[in-house]
Every structure is written in C-alpha cells, then in structure tokens.
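Here is a friendly briefing for anyone meeting this structure for the first time.

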Amino acid sequence: MIASNSYFKNLASGFLFPEIAKRRREYCAAHPDAEIISLGIGNTTEPLTRHIASGMNDYIKALETPAGYSGYGDDSAGELPLREKIATVLYNGIIKGHEVFVSDGAKCDVGRFQQLFGASVNVAVQDPAYPVYVDGSVMVGAAGKSPAVHGGYCDITYMPCLPENNFFPDLSGVKKESLIYFCSPNNPTGACATREELEILVSFARENGCIIIYDAAYSSFIRDSKLPKTIFEIEGARRCALEINSFSKSAGFTGVRLGWSVIPDELLFADGTPVSALWSRLTNTFFNGASNIAQAGGLAALDAEGLEEMRDLTNYYLSNAAIIAETLRGKKFSDAGVEVYFTGNAPYVWVRFPGKKSWEVFDKILDECRVVTTPGAGFGPSGESFIRFSSFGHRENIMEACERLSDKLSL
Ligand code: PLP
C-alpha cells in the first residue's frame, strides 16, 4: 500500500471550520429544537445583485449560440478585457492588465502559491491568521517536520498581532528570505494596516529579501479613505509583494468563484526569474482558468452599476458588523471587561474575553444563546481568549443574535 503524504501528519488537527460544524451538529443532536444563528463562518448570505447577475445571464444565453459559445480560454490567466478592467477600475492603473491573473478564488491561489514557493521557503504569518496560510504551508512541507508546539509550528514564524501592538506585528523575528503572509483588512481581527505600517512592512521585505503575499480579500470594505486599498500604493512594493484578491465578499461570489492575483513584472526570484513566469507555468499546468460565466460576472461587477451594487452589498454587511459591535460594547459586557475591536473597515468584530479560553466562550455562547461564532484560538496562539463575530448574515438574524447575546449570555 502507498504511504500517506508524511507532511499531512504534521497538521495540528482538523481544519477550524469543520471542527466548528462538528460542535454545532453535536449541539443540534442534543437540542433538536434549537434555532441556531451563525455568526461564525465568513460566508455571504445576500443574493447576487441585478446588474452583476444579468451580466452572467446574458453570457449564458450567448453560450447557447454558435457565435457566443466558448470553451477553454486561451490562457489560464483569464480574459484580457477582465484583466485590464481590474487593473484600471480597481487599481486606477497603478498596475497593468497583464500583471493580473484571474482565478477561481483567493483561497485556491494561496494553495497554488504554496506549490510555487515549495517546501524550502521560510514562512512568517500574522498571528492570528486565516488558517489556510499555515495549514497549506504544512501540507507542502514548508513548515518543517516538527509537529505543532504550543498551538503553532516550530518552523513557522508567528508574528503576534494584538491590541497591545495595534495589530501590527514586530517584524524583527522574521527570518531573511521569508514568505510573509499579510492580510489587510485582516481576517480575523478586522484590523486594517495604515500607510505608515505598510511602508515599514515593504521596507523590511526589501531589506531582507522577503516576498509579501498580501491578501486583500476584504479591501472592498475599507471606508477610511486614508487607508491603502492595495499594497501597490506603497513605494517599492512592486519589487517585494504580490497581492491576492477576490469577488467573493464584494459581489457575493463565494459560490460563483472568481478572484485574481497581481504579480508585478519586477517581482523576481533570486536567480532573476520573474515570479509571474513560473506562476504562468504552474497555473497553465494545473488550472484551466476561471469559469467564463464568472468572468462575465466580474466584468459586469466593474461597470458603474456593478460598483454601486458592490458598495451597497458591502455596506449592508458593515452595518451588520456595527450592530454586533454596538451590542457587545453594551454595559453588561464592558462591566465584565469584554473588549470589542471593530474598525468599520472589515466585516468582522474581534472580541476579547479576558481570562477565558476561546473554545470555552464559543461553547458558552452556543449553549446559552444558540449562536455559532468562531473561537479566536483557531486562528493561532495569539487568538486565545478572543472570539470572531462574522457579520455575514440576514439583518433579522443579526438582530436576533444580538438580542440573545444581550439577554442570555452570562459573563
Ligand atoms: N483570504 C481571506 C483572508 C479570507 O478570509 C477568505 C475567505 O474567507 C479567502 C481569502 C478566500 O477567498 P475566496 O472565496 O476568493 O477563495
């Protein structure tokens, strides 16, 4: 028999969200009448918007005709008009269309980048972080052979991001020539890096031969005009960063699937090979391009009507988040020392319950309020004592969940 991939044995435990789903199932089995509300997973709930959906509908109708039919795209990087429209509309032309590589989503691109950089690269992650950065690194062997220690991996550099450092990490422990995962606006903390912070990050990466994988999947939620929406607003970033992004949260494409990565021409490996050249080689081998229907949706999303629809959609979730934050800032919670972190620039509310364990608080909220959340410890050691509240939900469910938290949660 064939042995299993030994790197998988290094994975700490199951992926966070299946574990949450398991606890929810167990709870429902014991309480069959319980009406559970989920403020857990970051999955969109509101329907596709009119203009964007009609872009896809029109495309589907055309596919039924000989003239409008198309099969595989010419290049896995996507249709050039979409690549160019992303560059001009979302990046105001500070990047070029050929530097945009359209994909089936940011998560899939993270996995492909991990394949691209391989097992020997040093890895640094914000702590807490979107779990895919760590688990994917473990799967390709980049986290070394050591099993988890203290809730983390020996060979991954964890960069604590806490209220105490304004959620911006001390970079001094990051090894030279590391791949630095940096997510802003951040999942799970909601923190959004300032221009000055990103300048520090970029100059550190330049001085130390690092490459930043900048995850901007939530950039469409940024409302503070002083905050950068892309790492490429920062001088020097073209030589040390690539960016991943997605229509998942902005256009409700979590199921439709459409994302992109930006790899500037100047981003090079040590031997001078452009990162984009090997990326093309890799993606053209393993990926046949994003769905052409989804790409039609992406084009519609970048029309004036589509942009307005995305703004309304993201405003809806931001208002949900504001309602959750306001509830948790109520007297009952502040008297108990609960700390609420919500910037208004991300769809998550990050909440510390001092002195308590995340999973303990998760179970308590589920048991007393029948509300599913996400335990911060699942995002890394520095997430301990925190809970992430997601704002992806119908307004009436958000209101009901907030009422239950106010009325029923014992602190
Ligand atoms: N990056 C971050 C930080 C996320 O939170 C998510 C999804 O929740 C993704 C990427 C995945 O995005 P996509 O749906 O485009 O794969």
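Pro185 sits in the loop between S7 and helix H6 (195-208), where helices (H or I, at least four residues) and strands (E, at least two) are DSSP runs numbered from the N terminus. This is a predicted model, in which local features need pLDDT of at least 70 and side-chain atom pairs count only at pLDDT 80 or more, while totals for chains, interfaces and linings use all residues. Residues are numbered from 1 along each chain as its sequence is written, and side-chain values use heavy atoms, with hydrogens and water left out.

**Backbone features in the loops**

- The peptide bond joining Ser184 and Pro185 is cis, with omega of about -10°.
- Pro188 also has its place in the loop between S7 and H6, and the peptide bond from Asn187 to Pro188 is cis, with omega near 20°.
- Asn92 is not a glycine, yet it has a positive phi of about 50°; this residue is found in the loop between helix H3 (80-90) and S2.

**The sheet of 7 strands**

- Seen in order, S2-S10-S9-S8-S7-S3-S6 make up an open sheet of 7 strands with mixed pairing; two strands pair if DSSP finds at least two bridges between them.
- At the edges are strand S2 (100-103) and strand S6 (156-160), each of which pairs on one side only.
- On average, neighbouring strands of this sheet are turned by 20° against each other, direction ignored; the axes are lines fitted to C-alpha atoms, for helices over the stretch in contact, and angles run from 0 to 180 degrees between N-to-C directions.
- Strand S3 (residues 122-127) pairs with S6 in the parallel sense over 5 bridges, and Ala124 stands opposite Thr157 in S6.
- Helix H4 (residues 106-117) lies across S2, strand S7 (178-183), strand S8 (211-215), strand S9 (241-246) and strand S10 (259-262), where contact means heavy atoms within 4.5 Å. The helix H4 runs at about 150° to S9.

**The sheet of 4 strands**

- Another open sheet has 4 strands in the order S11-S12-S15-S14, with antiparallel pairing.
- Strand S11 (339-341) and strand S14 (374-375) stand at the edges with a single partner strand each, so one side of each has no neighbour in the sheet.
- Strand S12 (residues 348-352) and strand S15 (residues 386-390) run antiparallel and are joined by 5 bridges; Arg352 stands opposite Phe386 in S15.
- Helix H11 (residues 358-369) lies across S14 and S15, at about 45° to S15.

**Around the ligand**

- Which residues come nearest to the ligand? Of the 14 residues around it, they are Asp215, Tyr218, Ser246, Ser248 and Lys249; a residue is near a molecule or strand if one of its heavy atoms lies within 4 Å of it.
- By class, this shell has 6 nonpolar, 4 polar and 4 charged residues.
- Asp215 has a polar side-chain atom 2.6 Å from a nitrogen atom of the ligand.
- Polar side-chain atoms of two further residues lie by oxygen atoms of the ligand: one of Ser248 at 2.6 Å, and one of Arg257 at 2.8 Å.
- Taken alone, the ligand exposes 400 Å², and the protein buries 92% of that; accessible areas come from the Shrake-Rupley method with a 1.4 Å probe.

Note on methods
A polar contact is a pair of N or O atoms within 3.5 Å; within protein, one must be able to donate a hydrogen and the other to accept it, and residues adjacent in sequence count only if both atoms are side-chain atoms. Ala, Val, Leu, Ile, Met, Phe, Trp, Tyr, Cys and Pro count as nonpolar, Asp, Glu, Lys and Arg as charged, and the others, Gly among them, as polar.
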